[in-house]
Amino acid sequence: MIKSARQFVEDFLPYNRVGFADFEASSFPTRAKKEGPGVFSYPVQIGIAQFNANSETFASCIRPTEKWEKRGFWDVQSEKIHGLSRQQLASAPKACDVVSSLNRFLESNEIEVLIGDHEFDRDWWQTLISSVPKIAKPKVRFVTWSDIAYDLGGALLAQSVDLEVAVEAAMSFPARPPWLSKAHDALDDALYLRYAALKTFCRSYAAYRRSFRPAKA
């Protein structure tokens, strides 16, 4: 018997084998392109939060490669947002070491990375991966909120999770998670993406079940 829609989503669905990824970067890609042809934005921090709330996380700053420093754009406004200076990044792990560590993390936890269907996240991911061509690429999947909602919705419907359970799960999420301390930290933002996915889905599912509830005689 499914006692909680939230428990079911966190513990039993295939999504507990994936992790939400988020990046902090040297600038927004749009601002970098304004600097001229070939100028780009590069990632400076990555955070991954596994969908299952009891699972491990991954986070690392990223030392810029020589190419990034020569052709990449460093925006002081972005630095104010994420709080990472170029001096701090000079002693961060190299991009190749970050990808190697990420591969070990994903393999040990048997998960793949979910990256939001947003051009910024895709740009930063591709910039990171293309800088280390001799290292195996981590398994990633680019998804939308609709993809997640569709998968979760189908699984819950198959298990006949009822309205009362769905509503209880939806109401268990406050507007903002109390543990979210930093507004622009890659890991905190990845944790928030997972939280937002759960909250949005449970509330949508509750509304869906309510719309199909038989009218009282």
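**Words and their cut-offs**

Modeller: The count of disulfides here comes to zero, where a disulfide is a pair of cysteine sulfur atoms within 2.5 Å. This is a predicted model, in which local features need pLDDT of at least 70 and side-chain atom pairs count only at pLDDT 80 or more, while totals for chains, interfaces and linings use all residues. Residues are numbered from 1 along each chain as its sequence is written, and side-chain values use heavy atoms, with hydrogens and water left out.

Colleague: Why is C61 called partly exposed?

Modeller: Buried means under 20% relative accessible area and exposed means over 50%, with partly exposed in between, using a 1.4 Å probe and protein chains only. C61 has a relative accessible area of 24%, so it is partly exposed, and C96, at 29%, is likewise partly exposed.

Colleague: What makes a group of residues a nonpolar core?

Modeller: Such a core is a set of buried Ala, Val, Leu, Ile, Met, Phe, Trp, Tyr and Cys residues joined through side-chain atoms within 4.5 Å. The largest one has 29 residues, and I46, I48 and L102 have the most contacts inside it. Helix α6 (95-109) is one of the elements that give two or more residues to this core, and α6 gives the most, with six residues; helices (H or I, at least four residues) and strands (E, at least two) are DSSP runs, numbered from the N terminus.

Colleague: Which residues does L102 contact, leaving aside its neighbours within four places in sequence?

Modeller: With contact meaning heavy atoms within 4.5 Å, L102 touches I46, I48, F58, W125 and P138.

Colleague: Why is the pair of F120 and W124 called tilted?

Modeller: Rings of Phe, Tyr and Trp (its six-membered ring) pair if their centres lie within 6.5 Å, and planes under 30 degrees apart count as stacked, over 60 as edge-to-face and the rest as tilted. The centres of F120 and W124 are 6.0 Å apart and their planes are at 40 degrees, so the pair is tilted.

Colleague: How do you know whether F120 and W124 are buried or exposed?

Modeller: F120 has 17% relative accessibility and therefore counts as buried, and W124, at 7%, is buried too.

Colleague: What makes F28 and F120 a tilted pair?

Modeller: Their centres are 5.7 Å apart, with 45 degrees between the planes, and the pair is tilted. F28 lies in the loop between β1 and α2 (29-33), whereas F120 is in helix α7, 92 residues apart.
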